[in-house]
Amino acid sequence: MTDLEAYVDAEGRAELVKQVRAKINELKIQYIYYQFVSVTGRIVGKGVPAEHWEAIAQNGFQLVYGATANLYLDRHRNYIGYGPEASELVAIPDPETFCQLPWDKRVARVFCTCFRNREEPNNPGAYLTSDCRGNLRRIHAQFQQEHDGLHLRHGCEPEMMWLKKGADGKLDGGVTKPNCYHIDQFEELRPVFLKVIEYSRAMGLDMIQGDHEDAPGQLELNFMFDDALRTCDRLTTYRQICAQVAREYNLIACFMTKPFMGVSASGCHHNLSLWRGGEAIVKDFGYETLPGMAGTFQYYKGGENTFLPSQSSHLPGAIGLNCIGGVIEHLGALTAIGCSTVNSYRRLWDTGLWAPVYADWGYQNRTCGLRVSAPGRFEYRAVDSMVNPYLMAAALLKAFDDGIKRNLDPGEPEHRNLYEAMEAGKQVKKLPMSLGEALDRLAADEVIKSALPGEMYQVYTWYKRDEWERFLSTVSNWDVENYLDCLP
């Protein structure tokens, strides 16, 4: 039996497929987006009329392998990852992720897992290793198996900016002034964020708090932490929601890391903890969805948070310390995943704005790359709003795995301002300060490379190396302003 056949015939799936049909009929769904996520975090897939649900649930749909790399040409006019001669992947829907779109209730969406084509001469029907979402599920399952059921629960802080359009439809500044935590600026965006929250709740995101950050039109609207895959799906859903709300208000929902100099960039800090045990709880707030499916609030309750400090120490638990040690050990390579664009490094170079630059850790210390933000969790800060969350979670799991297996010690937490500590003589490793350098660090790190298994590493690095080379070969306004008339 192939991976694809085993997946389709998994215990309990047939019943879920029937439940989705009942929900399609009840809600009068006419159309379904079958979607997966590319190496850059872009949502891709196909739309199919709802009457074909059973056929797609059984057989999937086909799309070129290159869709996992946005069907993108590199600077030499080659398709990244897969040429036009390559086979087509098979995407199989995961019925538990089925959800009605609240802005057009005739339409639903469902996430899919990707497989190699059934007719491939080699590994037919095997898991497609350039499917970042499928990789995360398998990497997390392997981690749980090797570490006595330990699993990652995390939340993220999805900063982004609401920007105005000019008469030409292009960027015309932020909707609000860059006044951090200013309620009046938050109020100015009230119609926008209330619509985002309405749609988010309808699609199963338990929204918990939000604020105006310190860049033009910059908001952070948080949702409850959860199992790693579910958190990644929710961040992906949140981005889709923001894009829809932007259309409704004729705005730009900007997830670009740093569109403006002199003000903070948009981060996506990850708050991480490893748990053992617990149970999945469903809170149904009356939305038109199935219990346990997207559109209900599902989360883990109970269990042991292994990052909590012991009674005799204020330090994180032993497993937490090992995980911090693993992240610090691999922070250079992790930066290639968390800071994944050329623009990401504008965030690191624009000094004085709290962006992490050094590989150290401390309590509530925002000058460090890792911050213990509360008992039982730590905040990974070298990640921004353009991140592919599935790749990031998988890479962090590999860093955790290495830290635990090698019993890595992160050293004592830094309580001082790290810049002042370095002036006093402390030696601290620096993060890569360009995408090219980060990719070099990734290439030299076999642990983090293992989070990009099979074809994923080739596809990701091909895409990102090409992005870096395009930048290096591009003449910009900066070049003209600095060199046009500098001689004689």
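1. What we are looking at. This is a predicted model, so to speak of local features pLDDT has to be at least 70, and side-chain atom pairs count only at pLDDT 80 or more, while totals for chains, interfaces and linings use all residues. Residues are numbered from 1 along each chain as its sequence is written, and side-chain values use heavy atoms, with hydrogens and water left out.

2. Helices here are DSSP runs of H or I with at least four residues, strands are runs of E with at least two, and both are numbered from the N terminus. Buried means under 20% relative accessible area, exposed over 50%, and partly exposed in between (1.4 Å probe, protein chains only). On one side, β18 (residues 361-363) runs parallel to β19 and is joined to it by 3 bridges, with Y363 partnered by V372. β20 (residues 377-380) pairs with β19 in the antiparallel sense, over 3 bridges; two strands pair if DSSP finds at least two bridges between them.

3. The β19-β20 turn. These two strands make a hairpin with 2 residues between them, and G376 in the turn has a positive phi of about 95°.

4. Backbone spots to check by eye. Most residues other than glycine have a negative phi, and most peptide bonds are trans. N70 is not a glycine, yet its phi is positive, about 65°. N70 sits in the loop between β3 and β4 (88-93) and is buried at 11% relative accessible area. N250 is also a non-glycine with a positive phi, about 55°, and lies in the loop between α7 (228-249) and β13. The peptide bond from L487 to P488 is cis, with omega near 5°; P488 belongs to the segment after α16 (477-483).

5. H330 and what surrounds it. H330 is in the loop between α8 (318-329) and α9 (331-338) and is buried, with a relative accessible area of 6%. Its side chain makes a polar contact with the side chain of D402 at 2.7 Å. A polar contact is a pair of N or O atoms within 3.5 Å; within protein, one must be able to donate a hydrogen and the other to accept it, and residues adjacent in sequence count only if both atoms are side-chain atoms. Leaving aside neighbours within four places in sequence, H330 is in contact (heavy atoms within 4.5 Å) with A399, D402, R406, D445, V447 and I448.

6. Salt bridges, overall and across the fold. The whole structure holds 27 salt bridges, each a side-chain nitrogen of Lys or Arg within 4 Å of a carboxyl oxygen of Asp or Glu. One of them joins the side chains of K405 and E146 at 2.8 Å, N to O. K405 lies in helix α11 (residues 389-405) and E146 in helix α4 (residues 132-146), so the pair ties together parts 259 residues apart in sequence. K405 is exposed at 52%, whereas E146 is partly exposed at 40%.

7. Other charged pairs. K464 and E467 meet in a salt bridge at 2.9 Å, N to O. Both lie in helix α15 (residues 456-472), 3 residues apart, about one turn of the helix. K464 is buried, with a relative accessible area of 4%, while E467 is partly exposed at 21%. The side chains of D226 and R230 form another salt bridge, at 3.1 Å, N to O. D226 counts as buried at 1%, and R230 as partly exposed at 22%. There is also a network of salt bridges linking D94, R133, R137 and D233.

8. A nonpolar patch. V64, L71 and Y79 form a nonpolar patch on the surface, with about 240 Å² of accessible area together. Patches are made of residues with over 30% relative accessible area and no salt bridge, with like charges joined within 9 Å and nonpolar side chains (Val, Leu, Ile, Met, Phe, Trp, Tyr) within 5 Å. The areas come from the Shrake-Rupley method with a 1.4 Å probe, and for residues only the protein chains shown count as cover. V64 is in strand β3 (residues 61-64) and counts as partly exposed at 32%.

9. V263 lies in the loop between β13 (251-254) and β14 (270-276) and counts as buried at 15% relative accessibility. V263 and Y127 are 136 residues apart in sequence and 43 Å apart in space, C-alpha to C-alpha.
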